[in-house]
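Q: I would like to learn how to read a few features of a protein model, one at a time. Could we look at it together?

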Amino acid sequence: MKPKDLLNFHIKTDLLPLLEPLGFKYAKSTPKFSRKTGHFSLSLSFCISPYSSQDECIFWTMWDVSSNEYGKWYEQTWGTQLAKANNVVVASADWNIPNWLEGNEEHFTLYNKKSDKKEFSKFVQNVINIGIPHYEQIIDWNTAAEMALNEEGVFYERVCDFYLMANEKKKAKDVLTYGLERATDENYEDLKQRMDKYFKEN
């Protein structure tokens, strides 16, 4: 069986029936699950390793939380739109989610054998018990900022924005100051622009 077909079979059989009752919509073509709760949308999409082959599907998931509210706030504040599809609040590969357990290999792997049932079951348990509860912690812009601050790669300018949206001005300035002290040439200008716009003394 082709890797994509093998993965799709288990998604449809063993994951879709569990996620649909939780409010997730499934896009088979991607494949991807997504759910909107309040201002935030949680999604997990599947990636198949290029090293997969016939009857061997090596896969992992990418997770993100996004919000159209951030795009609206940014446009009102800056008078310009965010770059396309750049309303992501946090994003991560599954192995960076705290307590995520991988399969027998470096990632989860399906072999078109009976053992696949057990392997995919481990993956499903991770999704239900680890991945979803982790991102469900984001319930407002304060918790969004806190989680973004603990990401593998921190975008301090965005964390600052999220704190401002939560009306946490001191935290916003503190995180921006911290980011500027550690800035590279690549992101210094974004941070400096925000400091000048949000906190410049009159």
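Q: Which residues touch the most other members in the largest nonpolar core?
A: Before the answer, a word on the model: it is predicted, local features need pLDDT of at least 70, side-chain atom pairs count only at pLDDT 80 or more, and totals for chains, interfaces and linings use all residues. Residues are numbered from 1 along each chain as its sequence is written, and side-chain values use heavy atoms, with hydrogens and water left out. In soluble globular proteins, nonpolar side chains tend to be buried together. A nonpolar core is a set of buried Ala, Val, Leu, Ile, Met, Phe, Trp, Tyr and Cys residues joined through side-chain atoms within 4.5 Å; buried means under 20% relative accessible area, exposed over 50%, partly exposed in between (1.4 Å probe, protein chains only). Here the largest core has 54 residues, and Leu 15, Phe 33, Phe 59, Trp 63, Phe 120, Phe 123 and Val 127 touch the most other members.

Q: What is Phe 33 in contact with, leaving aside its neighbours within four places in sequence?
A: Contact means heavy atoms within 4.5 Å. The partners of Phe 33 include Ile 11, Leu 15, Leu 16 and Leu 19, as well as Phe 24, Tyr 26, Leu 42 and Phe 46.

Q: Which residues of α1 are buried?
A: Helices (H or I, at least four residues) and strands (E, at least two) are DSSP runs, numbered from the N terminus. Among the buried residues of α1 are Leu 6, Leu 7, Ile 11, Leu 15, Leu 16 and Leu 19, along with Asn 8, His 10 and Asp 14. The buried residues of this helix pack against β1, β2, β3, β4, β6 and α3.

Q: At what angle do α5 and α7 pack?
A: Angles run from 0 to 180 degrees between N-to-C directions, with axes fitted to C-alpha atoms over the stretch in contact. Helices α5 and α7 pack at about 25°, with their axes 9 Å apart. They are therefore roughly parallel (under 35 degrees; over 145 is roughly antiparallel, 65 to 115 roughly perpendicular, the rest oblique).
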